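Welcome, and take a moment to turn the model around before reading on. We will go through it step by step.

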Amino acid sequence: MAKAWKLDEFWEATVYLERQIKKDNGYLEHIENWEDEEEAKKELFKKVQNVTMLQEWINKYLTDEKIKKLRVYLRVQKSRAKKEQKNITITPEAHYKLSEYAKRYNVTLSEAINKLCGNVFD
């Protein structure tokens, strides 16, 4: 049996799954029947309201690979939450450009800044 989800992971996992489904039309493509895929989306968006329901939804609709990616995402988020954070103020244009760079290279905003500024201090 798969590891049970913790209560503190519930919202983070739900937000992650909803975001994945909305941005990637093929996220649930392993579900053969289109109607079943649409039902899975409806269940997640409207019916999953607690950890037990989330566990049932995940067991029913996600592949082992997607479950592993979800767990990795949650571990990374938990690790980031423990680190000391600094706040910065940037213009909307700078935020847009940095966000686009981060999306293109699949990195966080902090990782993008470090990568872009790395050559300056080397």
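A helix here is a DSSP run of H or I with at least four residues, and helices are numbered from the N terminus. With that in hand, keep in mind that this is a predicted model.

Let's begin with the open spaces. The largest pocket holds about 1300 Å³ of space. Which helix gives the most to the lining of this largest pocket? It is α4, with eight residues. Helix α4 covers residues 64–82, and α1 (7–23), α5 (92–105) and α6 (109–121) also supply at least two residues each to the lining of the largest pocket. Altogether 32 residues line the largest pocket, and those nearest its centre are Gln-77, Arg-80, Val-107, Thr-108 and Leu-109. By kind, the lining of the largest pocket consists of twelve nonpolar, nine polar and eleven charged residues.

Now look for the second largest pocket, whose volume is about 270 Å³. Eleven residues line the second largest pocket, and Asp-8, Glu-9, Leu-74, Arg-75 and Lys-78 are the closest to its centre. Helices α1 and α4 each provide at least two residues of this lining, and α4 gives the most, with six residues. Charged residues account for eight of the lining of the second largest pocket, beside two nonpolar and one polar.

Next, turn to helix α3. Its buried residues are Val-51, Leu-54, Gln-55, Trp-57, Ile-58 and Tyr-61. Why can we say that these buried residues line one face of α3? Seen down the helix axis, they fall within an arc of 165°, so they share one face of the helix. Thr-52, Glu-56 and Lys-60, on the other side of α3, are exposed.

A pair of aromatic rings is described by how far apart the centres are and by the angle of the planes. The whole structure contains four aromatic pairs. In one of them, Phe-10 and Trp-11 have ring centres 4.7 Å apart and planes at 70°; an angle over 60 degrees counts as edge-to-face, so this pair is edge-to-face. What of their surroundings? Phe-10 has a relative accessible area of 3%, so Phe-10 is buried, whereas Trp-11, at 60% relative accessibility, counts as exposed.

Trp-57 and Tyr-61 form another aromatic pair, a tilted one, with 5.4 Å from centre to centre and 50° between the planes. These two residues are four apart in helix α3 (residues 51–61), so about one helical turn separates Trp-57 from Tyr-61. Trp-57 is buried at a relative accessible area of 1%, and Tyr-61 also counts as buried, at 6%.

Lys-22 lies over the face of Phe-45, 5.4 Å from the ring centre. The charged end of Lys-66 sits over the ring of Tyr-27, at 5.0 Å from the centre of that ring.

For a last stop, find Ile-113 in helix α6. Is Ile-113 buried, exposed or partly exposed? With a relative accessible area of 31%, Ile-113 is partly exposed. The C-alpha atoms of Ile-113 and Leu-98 are separated by 7.7 Å, while the two residues are 15 apart along the chain.

Terms used: Residues are numbered from 1 along each chain as its sequence is written. This is a predicted model: local features need pLDDT of at least 70, side-chain atom pairs count only at pLDDT 80 or more; totals for chains, interfaces and linings use all residues. Side-chain values use heavy atoms; hydrogens and water are left out. Rings of Phe, Tyr and Trp (its six-membered ring) pair if their centres lie within 6.5 Å; planes under 30 degrees apart count as stacked, over 60 as edge-to-face and the rest as tilted. Buried means under 20% relative accessible area, exposed over 50%, partly exposed in between (1.4 Å probe, protein chains only). A charge sits over a ring if NZ of Lys or CZ of Arg is within 6 Å of the ring centre and within 35 degrees of the ring normal. On a 1 Å grid over the protein atoms alone, a cavity is a set of points where a 1.4 Å probe fits but cannot get out, and a pocket is an open set with protein on both sides within 12 Å along at least five of seven lines; lining residues have an atom within 4 Å of a point. Grid points are joined across faces, edges and corners, and a volume is the space filled by probe spheres set on the points. Ala, Val, Leu, Ile, Met, Phe, Trp, Tyr, Cys and Pro count as nonpolar, Asp, Glu, Lys and Arg as charged, and the others, Gly among them, as polar. The arc is that of the directions from the helix axis to the C-beta atoms.
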